[in-house]
Amino acid sequence: MADRKRVAVVIGSTRPARICGGIAAWARDALGEGSDLAYDLVDLADLALPFLDEPVKAALQQYEHEHTRAWSKLVQGYDGFVFVFPQYNWGYPGVLKNALDYLYREWRDRPASLLTYGTRGGGKAAEQFIGVLHGLHMRVLDTHVEAVITDQDVDENGQLRDLDRTLRPNRALLRTIDQEMAEALG
């Protein structure tokens, strides 16, 4: 169906040996099961945005750099967003804040949710991030996921031993996010 609303599942970490990509792909698949929405992965590592280097504020949309224009076009191609990211020191990754700050009007009125993860689920990062989404005038959905990933869930290289087993307890919340997203985009 070409007229399906598109939702970006944003991989919000670029850290070497990250687990974020696998978690985001798992979430995309869970969100898309039986959904009327089309979920796609958007990897910030692929964008390689430098630290914000636009000379004027994003609200003016006077983008000097091609990487900003490409990012703007990519974001405008989506109707909603699910951001997936780890909690670092009770916050969220700087690369994600940088990507958000490049744009302003493009985020406005777009529905958004998030999946955070960490040893305690990422609630502190979620709290900060939601404040930023409100500042961008996004429509933050009621439901988000805080996935607990313990030391027992990862191997000696920091990789998840069993992605599905670790994340499965969050499947029902992702189904709720899909329903809320569909309603917001209806």
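These exercises work through a predicted model.

**Exercise 1. The setting of S72**

Task: Find which helix holds S72, and decide whether S72 is buried or exposed.

Solution: 
- Step 1. Locate the residue. S72 sits in helix α3, which covers residues 66-76.
- Step 2. Check its accessibility. The relative accessibility of S72 is 5%.
- Step 3. Apply the cut-off. Buried means under 20% relative accessible area. S72 therefore counts as buried, at 5%.
- Step 4. List the partners. Setting aside neighbours within four places in sequence, S72 is in contact with Y63, L103 and E106.
- Step 5. Look at the side chains. Those of S72 and E106 are joined by a polar contact of 2.7 Å.

**Exercise 2. The cavity**

Task: State how many cavities of 30 Å³ or more a search of the whole structure finds, and which residues line the largest cavity.

Solution: 
- Step 1. Count. The search finds 1 cavity of 30 Å³ or more.
- Step 2. Size it. The volume of the largest cavity is about 30 Å³.
- Step 3. Name the lining. It is made up of L44, L47, L49, V95, N98 and A99.
- Step 4. Assign elements. Two or more lining residues come from each of α2 (44-47) and α4 (94-101). The most come from α4, with 3 residues.
- Step 5. The lining has 5 nonpolar residues, 1 polar and no charged.

**Exercise 3. Helix α1**

Task: Compare the reach of α1 with the expected span, and find which of its residues are buried.

Solution: 
- Step 1. Take the length. Helix α1 spans residues 20-32, with 13 residues.
- Step 2. Compare. From first C-alpha to last, α1 reaches 18 Å, close to the 18 Å expected at 1.5 Å a residue.
- Step 3. List the buried positions in α1. They are C20, G21, I23, A24, A25, W26, A27, A30 and L31.
- Step 4. Find the cover. The buried residues of α1 are covered by elements including strands β1 (6-11), β2 (38-43), β3 (80-86) and β4 (111-118), and helices α6 (163-167) and α7 (171-185).
- Step 5. Look past the helix. G34 follows α1 and has a positive phi, near 70°.

Note on methods. Residues are numbered from 1 along each chain as its sequence is written. This is a predicted model: local features need pLDDT of at least 70, side-chain atom pairs count only at pLDDT 80 or more; totals for chains, interfaces and linings use all residues. Side-chain values use heavy atoms; hydrogens and water are left out. Helices (H or I, at least four residues) and strands (E, at least two) are DSSP runs, numbered from the N terminus. Buried means under 20% relative accessible area, exposed over 50%, partly exposed in between (1.4 Å probe, protein chains only). A polar contact is a pair of N or O atoms within 3.5 Å; within protein, one must be able to donate a hydrogen and the other to accept it, and residues adjacent in sequence count only if both atoms are side-chain atoms. Contact means heavy atoms within 4.5 Å. On a 1 Å grid over the protein atoms alone, a cavity is a set of points where a 1.4 Å probe fits but cannot get out, and a pocket is an open set with protein on both sides within 12 Å along at least five of seven lines; lining residues have an atom within 4 Å of a point. Grid points are joined across faces, edges and corners, and a volume is the space filled by probe spheres set on the points. Ala, Val, Leu, Ile, Met, Phe, Trp, Tyr, Cys and Pro count as nonpolar, Asp, Glu, Lys and Arg as charged, and the others, Gly among them, as polar. The expected span of a helix is 1.5 Å times one less than its number of residues.
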